[in-house]
Every structure is written in structure tokens, then in C-alpha cells.
Amino acid sequence: MQIRRFRPGDEAALFQVFFSAVHGVASRDYSPEQIKAWAPADLDQALWAQRIQTLKPFVLELGGQVVAYADLQHKGYIDHFYVAATHPRQGLGTHLMAHLLAEAKSLGLGELTADVSVTAEPFFARHGFTVVERRFPVRRGVTLANALMCRRVEVGE
């Protein structure tokens with residue numbers, strides 16, 4: 001397993017991780033209409049590439065294959081955190097979260113926040129995040145439930 005910074009050319013592999021995570025895992029908590037609105041198969045790949053290049057996520061590879069990714073923005077916000085549906089419950093998310101926490105400490109961030117799906121909420125809770133607010137964002141005209149979650153980052157952790 002290797003965690004590295006995003007490199008140009010990773011965009012398509014990261015889309016596959018995102019798409020499989022939403023369609024293969026989050027689909028147990030969201031309706032087909034919500035899944036399609038969240039992760040449409042015909043998502044504009046140029047816009048996707050632009051978004052990923054802006055996020056500059058950390059990429060987790062297993063055997064040379066991209067299987068997970070997550071970003072950490074300069075104020076401690078985690079915008080994307082996805083593990084491919086082909087690799088659930090193998091500890092990859094835990095390794096990625098540990099990496100984000102170490103990065104947050106090195107940057108002197110005192111707090112991490114994320115808008116977390118219903119599916120990911122138990123995972124984030126296991127890693128010390130608590131719900132601050134329930135939210136209902138609209139994607140492509142469809143309402144999705146999520147939660148703003150927060151976690152303090154202690155220097156001595």
C-alpha cells in the first residue's frame with residue numbers, strides 16, 4: 001500500500017473510485033435517483049478533472065492500482081473521501097484517515113471538518129468526528145441527506 005499526492009493523469013482512476021463508491025456502497029443508504037444525481041455516469045470529465053486538480057487529493061494505491069483517495073484543504077476541510085467498492089472494509093480508509101490526521105498536524109490545523117454521507121458517517125464517527133449539523137444539499141435537482149462533522153486535532157495524538 002502506498003499513499004501519495006495526486007498526479008496529473010490520475011483523474012480517470014479517481015472518477016472510477018468515486019463512481020464505484022457511490023454506486024456500489026452508498027447505494028444502500030440512498031435511492032437510485034439520489035445516486036444518479038450524486039454520481040452520474042455521464043458526468044462531464046473535463047469538469048471532473050478540473051475539480052480533482054483543484055482538490056489535489058492524496059491517492060492510495062494497492063498493488064499499483066488506485067483504490068482510494070481523499071483531500072485535505074488548507075483550512076482543514078475534507079471535500080472528498082472515497083474508497084472503491086471493490087475494496088471495502090480492508091482498512092484502506094483507516095490508513096487514509098491516519099494520513100490526513102498526520103498531514104493536519106504537520107500543517108498546524110486544530111480541526112478537521114467534512115460534509116459526510118449517511119453511509120460514511122459511522123466511519124467518520126469511529127475516527128473521532130462528531131455531527132455538528134444535519135444538512136440536505138440538492139444535487140441536480142435531487143435532495144441528499146448528509147452531516148457536517150468535525151474533529152479536533154490534538155498536537156500530541
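A polar contact is taken here as a pair of N or O atoms within 3.5 Å; within protein, one atom must be able to donate a hydrogen and the other to accept it, and residues adjacent in sequence count only if both atoms are side-chain atoms. The structure is a predicted model, in which local features need pLDDT of at least 70 and side-chain atom pairs count only at pLDDT 80 or more, while totals for chains, interfaces and linings use all residues. Residues are numbered from 1 along each chain as its sequence is written, and side-chain values use heavy atoms, with hydrogens and water left out.

With a relative accessibility of 9%, His80 counts as buried, where buried means under 20% relative accessible area, exposed over 50%, and partly exposed in between (1.4 Å probe, protein chains only). Its side chain makes a polar contact of 2.9 Å with the side chain of Tyr69. Leaving aside residues up to four places away in sequence, His80 touches Trp48, Ile52, Leu55, Tyr69, Ala70 and Asp71, contact meaning heavy atoms within 4.5 Å.

Tyr69 and Ala70 are also among the residues touched by Phe58, again not counting residues up to four places away in sequence. Phe58 belongs to strand β2 (residues 58-62) and is buried, at 4% relative accessible area. Its other contacts include Ile3, Arg4, Leu96 and His99. Between the C-alpha atoms of Phe58 and Phe123, 65 residues apart along the chain, the separation is 18 Å.

Charge pairs come next. Side chains of opposite charge can pair when their charged atoms come close. Counting a salt bridge as a side-chain nitrogen of Lys or Arg within 4 Å of a carboxyl oxygen of Asp or Glu, the model has nine salt bridges. Arg4 and Asp10 form one of them, at 2.8 Å from N to O, and both residues are buried. A network of salt bridges links Arg4, Arg7, Asp10 and Glu61. Elsewhere, Asp115 pairs with Arg135 at 2.9 Å, N to O. Because Asp115 lies in strand β6 (residues 111-117) and Arg135 in strand β7 (residues 130-135), this pair ties together parts that are 20 residues apart in sequence. Arg135 also forms a salt bridge with Glu133 (3.5 Å, N to O). Asp115 is partly exposed at 28% relative accessibility, as are Arg135 at 29% and Glu133 at 39%.

The largest pocket is lined by 47 residues, with Trp38, Phe81, Tyr82, Ser117 and Ala120 nearest its centre. By class, the lining has 27 nonpolar, 10 polar and 10 charged residues. Here Ala, Val, Leu, Ile, Met, Phe, Trp, Tyr, Cys and Pro count as nonpolar, Asp, Glu, Lys and Arg as charged, and the others, Gly among them, as polar. A pocket is an open set of points on a 1 Å grid over the protein atoms alone, where a 1.4 Å probe fits, with protein on both sides within 12 Å along at least five of seven lines; lining residues have an atom within 4 Å of a point. Elements that each supply at least two lining residues include α1 (11-24), α3 (45-55) and α4 (92-106).

Finally, Arg89, in the loop between β5 and α4, has a positive phi of about 50° although it is not a glycine.

Key: Helix = DSSP H or I, 4+ residues; strand = E, 2+ residues; numbered from the N terminus.
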